[in-house]
Amino acid sequence: MKRIGVTGHRSIPQELHAHVLEGLRAALCGHGGGSLEALSSLAVGADQLFADLALAHGAELTAVIPSGDYEAGFADEAELERYRALKARAAREVRLDFPHSTDEAYYAAGAYIADHCDRLLAVWDGRPARGLGGTGDIVTYARSLGRPVTVIWRDGVERG
């Protein structure tokens, strides 16, 4: 089974949305056939876009949950419902042992995904992480493992 993981920004500029969807779709379609496992923490933004597309492509979803209170971090009921709907469709759930959603918990979840995938997709503007466990940190970690990383972004587009 091929395993593709995702890391990425929660906020994706509107003008980049179609480009990101196409990049994620291309990576999923180009995995070479056979069974596919998709690893995601199901955060708003890149994680949920990837999980949704992966399920549509017939992948088995593994939800990597950083902490016991992860659901408290969703901004509103609509975001929480989308997370719960995706999590309900996951074939597997990996719940990390952190009681609270801290930067360390987010880093551990990203590292878990990098450790357990064959390729990492990064919806990333190329800038350093804004806090421990951000996209830049996980890309650096994955590359230190020798993991192939596919960056999906467009030059010149700034993140909010």
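Colleague: How do α4 and α5 pack?
Modeller: Two packed helices are described by the angle between their axes and how far apart those axes are. In this predicted model, helix α4 (residues 103-116) and helix α5 (residues 135-144) meet at about 35°, and their axes are 9 Å apart. The crossing of α4 past α5 is right-handed.

Colleague: Which residues make that contact?
Modeller: From α4 you have Tyr 107, Gly 110, Ala 111, Ala 114 and Asp 115, and from α5 Asp 137, Ile 138, Tyr 141 and Ala 142. By type, the contact of α4 with α5 has six nonpolar residues, one polar and two charged.

Colleague: Which residues of α1 are buried?
Modeller: Val 20, Leu 21, Leu 24, Ala 27 and Leu 28. These sit on the same side of α1, because they cover an arc of only 130° around the axis. Ala 18 and Cys 29, on the other side of α1, are exposed. The cover over the buried residues includes β1 (2-8), β2 (36-40), α2 (46-56), β5 (119-123) and β6 (149-152).

Colleague: And Ser 41: buried or exposed?
Modeller: The cut-off for buried is under 20% relative accessible area. Ser 41 has 7%, so Ser 41 is buried. You'll find Ser 41 in the loop between β2 and α2. Leaving out residues up to four places away in sequence, Ser 41 touches Asp 47, Val 64, Pro 66, Tyr 70, Tyr 83, Ala 109 and Ile 113.

Definitions and conventions. Residues are numbered from 1 along each chain as its sequence is written. This is a predicted model: local features need pLDDT of at least 70, side-chain atom pairs count only at pLDDT 80 or more; totals for chains, interfaces and linings use all residues. Side-chain values use heavy atoms; hydrogens and water are left out. Axes are lines fitted to C-alpha atoms, for helices over the stretch in contact, and angles run from 0 to 180 degrees between N-to-C directions. Helices (H or I, at least four residues) and strands (E, at least two) are DSSP runs, numbered from the N terminus. A crossing is left-handed if the near helix is turned anticlockwise from the far one by less than a right angle, and right-handed if clockwise. Contact means heavy atoms within 4.5 Å. Ala, Val, Leu, Ile, Met, Phe, Trp, Tyr, Cys and Pro count as nonpolar, Asp, Glu, Lys and Arg as charged, and the others, Gly among them, as polar. Buried means under 20% relative accessible area, exposed over 50%, partly exposed in between (1.4 Å probe, protein chains only). The arc is that of the directions from the helix axis to the C-beta atoms.
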